[in-house]
Amino acid sequence: MKTVVVLTGAGISSESGCNTFRDNNGLWRKYRVEEVASPVAWQRDPALVLDFYNERRKKLFEVEPNAGHLALVELEKKFNVQIITQNVDDLHERAGSSNVLHLHGELKKARSTVDPDLIYELDQWELKLGDKCEKGSQLRPHIVWFGEPVPMIEEAVKVAAKADLFVVVGTSMAVYPAAGLIGYVNDDVPKYYIDPNAFALSGITNLNIIKEKAGTGVPRLVKDLMKA
Ligand code: APR
């Protein structure tokens, strides 16, 4: 079975009602990264950081996967599909995808501030000051903040290097190391970039640009790949 590696970003969840970060109504237009998504922000005002992620988590309990997520599940009928996502939502898993690697953490999980291996599932949207890990430390969102290492990147590089087909969906390719993963894919491997604002990626060969929304562009590509 051929391996299709799919790198997704906030754009694939946009039609489900989740905000992206850098579009006109993006989160970073309303919030300052330094105030809500960095270790310094956590030290300075943990309540503000918790509120930011609580609001996003509350929204996540209200939304559903869309046609873009569902089409990637359909693709598993004929391909070994490996999803590497920058998204912290669980919409790929809720759609039914089997292999999802989260590079930037998961919104429905919290972790200890003294032991990063202590990670807890959250079955409700609110994480509060005073919520503690079993070692008595304040719980924080299980999210990779700006300036923090990306623990899953080595695993993601290995996955990308095994691709027979590589598909990028709904990301501005602005954030590294995620945006650099396509550089580990062999030159002769067909690559697709599905995003209304997709652009040519310097030094990347065999790249097919599909300037479409994920909800239409992904199902169309999947249909073609399933036929081929
Ligand atoms: N379908 C496909 N793509 C879309 C859609 C849609 N319906 N709507 C918007 N997009 C595209 C935009 O054109 C843009 O290229 O999604 C992309 C969103 O880009 P960003 O907001 O920069 O989000 P992303 O690339 O996922 O950000 C990367 O940055 O803020 C950090 O950790 C955060 O994981 C995030 C990382």
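Trainee: How far is the side chain of His104 from an oxygen atom of the ligand?
Mentor: An N or O atom in the His104 side chain is 2.8 Å from a ligand oxygen. A polar contact here is a pair of N or O atoms within 3.5 Å; within protein, one must be able to donate a hydrogen and the other to accept it, and residues adjacent in sequence count only if both atoms are side-chain atoms. Keep in mind that this is a predicted model, where local features need pLDDT of at least 70 and side-chain atom pairs count only at pLDDT 80 or more, while totals for chains, interfaces and linings use all residues. Residues are numbered from 1 along each chain as its sequence is written, and side-chain values use heavy atoms, with hydrogens and water left out.

Trainee: Which backbone atoms come up around the ligand?
Mentor: A backbone N or O atom of Ala214 is 2.8 Å from a ligand nitrogen, and a polar backbone atom of Gly170 is 3.4 Å from a ligand oxygen.

Trainee: How much of the ligand's accessible area does the protein cover?
Mentor: The ligand has 730 Å² of accessible area on its own, and the protein covers 93% of that (Shrake-Rupley method, 1.4 Å probe; for residues, only the protein chains shown count as cover).

Trainee: And which residues come nearest?
Mentor: Arg22, Thr171, Ser172, Asp195 and Asn197, out of 22 residues around the ligand (a residue is near if one of its heavy atoms lies within 4 Å). The shell divides into seven nonpolar, 10 polar and five charged residues. Here Ala, Val, Leu, Ile, Met, Phe, Trp, Tyr, Cys and Pro count as nonpolar, Asp, Glu, Lys and Arg as charged, and the others, Gly among them, as polar.

Trainee: Changing topic: how many aromatic pairs are there in the whole structure?
Mentor: Eight. Rings of Phe, Tyr and Trp (its six-membered ring) pair if their centres lie within 6.5 Å; planes under 30 degrees apart are stacked, over 60 edge-to-face, and the rest tilted. Trp28 and Phe52 are stacked, because their planes are at 20 degrees, with the centres 5.8 Å apart.

Trainee: Where do those two sit in the chain?
Mentor: Trp28 is in helix H2 (residues 27-30) and Phe52 in helix H5 (residues 46-60), 24 residues apart. Helices (H or I, at least four residues) and strands (E, at least two) are DSSP runs, numbered from the N terminus.

Trainee: Is Phe52 buried or exposed?
Mentor: Phe52 is buried, at 3% relative accessibility. Buried means under 20% relative accessible area, exposed over 50%, and partly exposed in between, with a 1.4 Å probe and protein chains only. Trp28 is also buried, at 19%.

Trainee: What about Trp42 and Trp145?
Mentor: Their planes are at 40 degrees, so that pair is tilted, with ring centres 5.7 Å apart. Trp42 is in helix H4 (residues 39-44) and Trp145 in the loop between strand S6 (139-143) and helix H8 (153-161), 103 residues apart in sequence. Trp145 is buried at 2%. Both tryptophans belong to one aromatic cluster, whose members also include Phe21 and Tyr31.

Trainee: Last one: which peptide bond is cis?
Mentor: The one from Tyr176 to Pro177, with omega near 10 degrees. Pro177 lies in the loop between strand S7 (165-169) and strand S8 (191-194). Met173 is in the loop between S7 and S8 too, with a positive phi near 55 degrees.
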